[in-house]
Amino acid sequence: MVKGTVFIVSAPSGAGKTSLLKALLEDDDRVRLSVSHTTRAMRPGERQGVDYHFVQRDAFLDMVQEGAFLEHAQVFDNYYGTSEAGIRNQLDQGLDVILEIDWQGARQVRKRFSDTVSIFVLPPNREALQQRLGGRGQDSDQVIQRRMRDAVSEMSHYPEYEYLIVNDQFEQALEEMRSVFTSQRLRQEVQAQRLQECLRALLA
């Protein structure tokens, strides 16, 4: 069986990354989204084990000491981490796995997986980003302004990624993301493994 690929998808808060990934996952059964561990509080509508594995800070730090995470990072005032065992198990099943992480986590993952494919999602402009952050209605002006500053810092790391997608028109951005996954699956070294029998017969 051909192993799956690790796809890293990063974006500043408010760029619409989560909505794009949700739409992608709905019509591609070969992709799984890694469910990260986090110490942040559960938001309305989120589910334990589906959106995140919500854990206490002490439990998270214990997992760090045990080496359980493929990557982990502190974002704002909370910790996030990805279980390495869970990722490798899905890859061995031939599934592609998306890691929805920031640039710090991406650097850690690349050290363990040399063949990752990375995508950075950008908002069309700062005005749109400000509007999206304010439209959630869950955070204070102070929190929103802090997130704007952090978003600019996050976006400065775009050169570390292989693909850039601007999420202005949602359907166009979604199609562009799908094309990245398709192109990866059609690479010669991937297809050569998947089509061994076919290639042997063609070249006999």
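In which helix is Leu199 found? Leu199 belongs to helix α9, which covers residues 196-203, where helices (H or I, at least four residues) and strands (E, at least two) are DSSP runs numbered from the N terminus. The model is predicted, and local features need pLDDT of at least 70, side-chain atom pairs count only at pLDDT 80 or more, and totals for chains, interfaces and linings use all residues. Residues are numbered from 1 along each chain as its sequence is written, and side-chain values use heavy atoms, with hydrogens and water left out.

**The five-stranded sheet**
- Five strands form an open sheet in the order β2-β7-β1-β8-β9, with parallel pairing, two strands being paired if DSSP finds at least two bridges between them.
- Because β2 (31-33) and β9 (163-166) each have a single partner strand, they stand at the edges of the sheet and one side of each is left without a neighbour there.
- On average, neighbouring strands of this sheet are turned by 25° against each other, direction ignored; axes are lines fitted to C-alpha atoms, for helices over the stretch in contact, and angles run from 0 to 180 degrees between N-to-C directions.
- Three bridges join β2 to β7 (residues 96-100) in the parallel sense, and Leu33 has Ile98 as its bridge partner in β7.

**Helices across the sheet**
- Helix α4 (residues 103-112) lies across β1 (6-10), β7 and β8 (117-122), and runs at about 160° to β1.
- Helix α7 (residues 170-185) lies across β1, β2, β7, β8 and β9, and its run is at about 160° to β9.

- Strand β5 (residues 69-75) is joined to β6 by six bridges in an antiparallel run, with Thr82 of β6 as the bridge partner of Glu71.
- The hairpin of β5 and β6 has two residues between the strands, and Phe76 takes a positive phi near 60° in this hairpin.
- β3 pairs with β6 (residues 78-83) in the antiparallel sense over two bridges, and the partner of Thr38 in β6 is Tyr80.
- Ser34, in the loop between β2 and β3 (37-38), is buried (under 20% relative accessible area), with a value of 11%.
- Not counting residues up to four places away in sequence, Ser34 touches Thr82, Ile87, Val97, Ile98 and Leu99, contact meaning heavy atoms within 4.5 Å.

**The leucine patch**
- Leu195, Leu199, Leu202 and Leu203 form a nonpolar patch on the surface, with about 410 Å² of accessible area together.
- Patches are made of residues with over 30% relative accessible area and no salt bridge, like charges being joined within 9 Å and nonpolar side chains (Val, Leu, Ile, Met, Phe, Trp, Tyr) within 5 Å; a salt bridge is a side-chain nitrogen of Lys or Arg within 4 Å of a carboxyl oxygen of Asp or Glu.
- Accessible areas come from the Shrake-Rupley method with a 1.4 Å probe, and for residues only the protein chains shown count as cover.

Terms used. Buried means under 20% relative accessible area, exposed over 50%, partly exposed in between (1.4 Å probe, protein chains only).
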